[in-house]
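Hi,

Here is the structure I promised to pass on. Have a look at it first, and then read my notes below.

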Amino acid sequence: MRSILLLAGLIWLAGGACAQTTVSGKVYHKSDGNGMPGIHIVVKDKKTVATLNFGITDQNGAYRITFTSAEDSITVSASGLNIGKQLFRLANRSQVLDIAADLQAIRLEDVKITPPKIRKAGDTINYRVDGFTGQNDRTIGEVLRKMPGIEVKSDGSILYRDKPINRFYIEDMDL
């Protein structure tokens, strides 16, 4: 009988060491108390910084994350496009963590997208004319002479790799 109780106690202790922990709560605006949807919640092991689990708040700002860890403490972070990152160090036990957040605008750097000077679509080669235009160019012929593979003859004919061009478009107009 004694050995059965000892065995049951060891199983209970082993089960407790690997028990699942649940952190749940709500992320809400400090100013009005409304829930904030789409906020990322990440639970990490405090020592190894390994991600134990993660989740995203629902439409009401609520979340529930279940994980398993043998460590005595964890780190919970909340972040999103409209709030700054917040970190919380907690004991590794099931608990409710409500997070009050301020809206915080994130400044995105300006992005300039420049299309390539030359692109190929099937059997058509497209040149971005302004990529080859210089300050002293007065005619389209002067610009065409700068484009790789294109030759402008003195009689005005245009060749691409020594073959006459059968269709020549500028700004989608057939010349």
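Let's start with Lys30, which counts as exposed because its relative accessibility is 52%. Bear in mind that this is a predicted model, so every value here is computed from it.

Which residue does Lys30 form a salt bridge with? The partner is Asp102, and the closest N and O atoms of the two are 3.6 Å apart. Lys30 is in the loop between β1 (20-29) and β2 (40-45), while Asp102 is in the loop between β8 and β9, so this pair ties together parts that are 72 residues apart in sequence. Asp102 counts as partly exposed, because its relative accessibility is 43%.

In case the idea is new to you: side chains of opposite charge can pair when their charged atoms come close.

How many salt bridges are there in total? The count comes to three. Here are the other two:

- Glu71 pairs with Lys47, again with 3.6 Å between the closest N and O atoms. This pair also links distant parts of the chain, 24 residues apart: Glu71 is in the loop between β4 (62-68) and β5 (73-80), and Lys47 is in the loop between β2 and β3 (51-56). Lys47 is exposed at 64% relative accessible area, whereas Glu71 is partly exposed at 23%.
- Asp137 meets Lys146, with 2.7 Å from N to O. Is Asp137 buried or exposed? Asp137 is buried, because its relative accessible area is 16% and the cut-off for buried is under 20%. Lys146, at 42%, is partly exposed.

Now for the rings. A pair of aromatic rings is described by the distance of the centres and the angle of the planes. The count here is one aromatic pair. It is made by Tyr127 and Phe132, whose ring centres are 6.0 Å apart and whose planes are at 65°, so the pair is edge-to-face. That label follows because planes over 60 degrees apart count as edge-to-face. Both Tyr127 and Phe132 are buried. Phe132 has another neighbour to look for: the charged end of Lys117 sits over its ring, 5.6 Å from the centre.

Last, the surface. Leu81, Ile106 and Leu108 make a nonpolar patch of about 380 Å². You can find Leu108 in the loop between β8 (99-101) and β9 (118-121), which is also the loop that holds Asp102. Leu108 is exposed, because its relative accessible area is 66%.

Cheers

Technical notes. Residues numbered from 1 in each chain as written. Predicted model: local features only at pLDDT ≥ 70, side-chain atom pairs only at ≥ 80, totals over all residues. Heavy atoms only, no water. Patch = residues over 30% accessible without salt bridge, like charges linked within 9 Å, V, L, I, M, F, W, Y side chains within 5 Å. Areas by Shrake-Rupley, 256 points an atom, 1.4 Å probe, with all protein chains shown as cover. Salt bridge = Lys/Arg side-chain N within 4 Å of Asp/Glu carboxyl O. Helix = DSSP H or I, 4+ residues; strand = E, 2+ residues; numbered from the N terminus. Buried < 20%, exposed > 50% of the residue type's maximum accessible area, 1.4 Å probe, protein only. Phe/Tyr/Trp six-rings, centres within 6.5 Å; stacked < 30°, edge-to-face > 60°. Lys NZ or Arg CZ within 6 Å of the ring centre and 35° of its normal.
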